[in-house]
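The sequence and structure come below.

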Amino acid sequence: MTVEKNSQRILSYTRDVMAGYPREQRFTLAMLQDIQKKYKYIPRESLEQLSDHLGVPLSKLYSIATFYKALSLQPKGDHVIRVCDGTACHIRSSMVIVDELAKILMIKPGETTSDGKFSLETVNCLGSCAMAPAMVIDETYYGKVTPSRTREILNEYGGVDCE
Amino acid sequence: MSESNRPKRTILVCCGTGCLANHSLKIYHKLKELITKAGVDVAVETYIKTTGCNGLCEKGPIVKITPDDIAYFKVKESDVEEIFEKTILQGEVINRLLYLDSVTGKRFKSHKENDFYKRQMKIALRNIGEIDPADIFDYIERGGYESLKKALFTMTPESIIEEVVKSGLRGRGGAGFPTGRKWKQCAGYNNYPKYVLCNGDEGDPGAFMDRSIMEGDPHSIIEGMAICAYALGSNTGFAYIRDEYALAVKNMSNAINKAKEAKFLGENILGSGFNFDIQIVRGGGAFVCGESTALMSSIEGKVGEPRAKYIRSVEKGLWGQPTVLNNVETWANIPVIIEKGGEWYSGIGAPKSTGTKVFSLVGKIRNTGLVEVPMGIALRELIFDIGGGITAGRKFKAVQTGGPSGGCIPESLLDLNVDFDSLTKAGSMMGSGGMIVMDERTCMVDVARYYLNFLAEESCGKCLPCREGIKRMLEILNSICAGKGLAGDIELLQEICATVSEASLCALGKSAPNPVVTTIHYFEDEYLAHIRDKRCPAGVCKELTTYYIDPENCKGCGLCLKNCPAGAVSGQPKSWHSIDQKLCIKCGNCIDNCKFHAVKIR
């Protein structure tokens, strides 16, 4: 079954990650970050496996995974849209951009579209204040974004089908 | 190389985050390709390098050429061939790419002559923009690691600490604790191992100086840490870097490896018998981890919650051992203090805030970017002379300093001299040096709400005053911004502020009320307009804002119509336009684009 296969792949990748670090609690965050990078979230299997490996209770790992913003327990869409809501962007109307994207994608920040194509997030500061308001899709930066440009930018990623 | 007797020329392409986002890497590759293709036909032996951030992000990408001392701004990929043909092959300056002073219309060949750079004094940023951060020899060529040698072979641990004490250097991360005193206290505990930490978890929105140093001059941090480690007898260091800063992590890791190869780190450094190594820990995107005890807890692999500081970290820090934690910018100052002496350093800046400070000027300011100036500079000089004033000819309203823990400073205090103590006295704080400039289109109630929203999300939840107090204040501010503010809300906010700042466990909670306290103190009128008159004077809070077009001023240019994403503007060219309130989403695009001040707020 594909689900089983997928699960096995996750377990085997998690094993590889664990092998890359000494078996000490202080590397927990680093291991979780590696898993997050690969899958864009932390699968439950990984968390359980890590708990066994490090001898740290699952509840502790769960609290770490929910405490740090860089980690997520929910799978993300194919393209992750991060709108900067740092102060410089905020006073240059970043929330208007968020509202506009939310309207087009029909999701709230923190959610993923039903077709799994886009996730919408806000971030605290991208350090790109000269191009405020800024947003990043996957690794590509967009500066001086206006509400009217948002749809155009989404079209570069195949646009939105659910309209 | 056989042709090494040819004169040399180096092209420095800025690859700081701002320039990278504007495709500076393409410019670099294209220039490199042209130079490689031309080979020895070029009369001058030409090198090309990528550098860290030059600071003037607003006018990037920046290309500098030495020793000709030419700086080109806003370079596009399409300019590359001309730069190669004219400047590289013939030594000609391309006038239109030089810095343009918008007031005088003058252009400057050297970047050092323009207002943005000429008032600066670079110590922490001394190498950034001049060296390739990936090349340790660039750093060494500019005197890098000489201070480490001086410390190891000509100074005692006591005399090193004495120099830092004498310099008067105070921590650049925010609170401004005297660095020398911290080291001295830690050196006093006869308990080993000791740890030396670098706080690179830069979380203040609008501040990016630490990122710039880690990306553009990582060796200056490593050298500073190694000097401190020698003075304390520590053998292990950690650099805690925000995970979002991928390039900073990469450049720091690379620099640590290069420093090890060159024997500036590792076992028996330069044959001195002293061992010191640095490991990188990537942060997890939690603002509170910039707090010292939370950061240490995070390095230990736990949830990054702060602890009460009955016992300070210099005595019991990481894994319960004596620990010195300093911020990135603080570390970058150390090699210069050792090289030139504490006395020299203390002669710069203000009496109780010595040296220079890096500020990031952002928001509604013309020259967004990073600047380093002596402490004690007047806010007005920083914002208007260096920063070029407010964008779009609007009026200055306030400047926010110190990040989410700081406060807003109004126009009446523009002549304030910026140092640790004067900012605290004005109700704000130095913080990491972010300066967010606000104009008449910024709503101060919304700004206070913005910071509380940020802090409500980032509060770790361990202590009640911070967890519940911030949330409750946010609810009140949300209702004020939605037009549901009540008489008495201001007093209630002030009361909660007092409790939260008094009773919270760590600095995050203790300083969380600052944005509310200062905006109420300096901008109470705006709060009252929201609560009593149900108006948002800046036109930011959607529920309280109605835009309309004044027929007196409207020229019918159609810019508002063109920029309206909701199709709410209608009108014929050259005649009065109007806004359909039912369709208007209140994004403010019309008002921001109108050149005739015809769009108004009711």
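In which helix of chain A is the place of A:Cys89? The model is predicted, and in it A:Cys89 lies in helix α5 of chain A, which covers residues 87–90.

## Annotated cysteines in chain A

An unreviewed UniProt entry carries the annotation "binding site" for A:Cys84, A:Cys89, A:Cys125 and A:Cys129. These residues are spread over 46 residues of sequence, yet they cluster in space, with a largest C-alpha distance of 9.3 Å.

A:Cys84 belongs to strand β1 of chain A, residues 79–84. A:Cys84 counts as buried because 31 C-beta neighbours fall inside 10 Å, and the cut-off for a buried residue is 20 or more. A:Cys89 has 30 such neighbours inside 10 Å and therefore also counts as buried.

With residues up to four places away in sequence left out, A:Cys89 touches A:Cys84, A:Ser94, A:Ala132, A:Pro133 and A:Ala134. Under the corresponding exclusion, the contacts of A:Cys84 include A:Cys89, A:Cys125, A:Ser94, A:Pro133 and A:Ala134. Also among them are A:Val123, A:Leu126 and A:Met135.

## Domains of chain B

Chain B is assigned domain 1 (8–118), domain 2 (139–346), domain 3 (356–439), domain 4 (444–531) and domain 5 (547–601). Taken over C-alpha atoms, the centres of domain 1 and domain 2 of chain B are 34 Å apart.

Domain 1 of chain B contributes four residues to the contact, and domain 2 of chain B contributes four residues. On the domain 1 side, the residues that touch domain 2 of chain B comprise one nonpolar, three polar and no charged.

Note on methods:
Residues numbered from 1 in each chain as written. Chains lettered and ligands numbered in written order. Predicted model: local features only at pLDDT ≥ 70, side-chain atom pairs only at ≥ 80, totals over all residues. UniProt positions renumbered as here; feature names shortened; annotations may be inferred. Helix = DSSP H or I, 4+ residues; strand = E, 2+ residues; numbered from the N terminus. Buried ≥ 20, exposed ≤ 12 C-beta atoms within 10 Å, placed from the backbone. Contact = placed C-beta atoms within 7 Å. Domains from an automatic or database assignment. Nonpolar A, V, L, I, M, F, W, Y, C, P; charged D, E, K, R; others polar.
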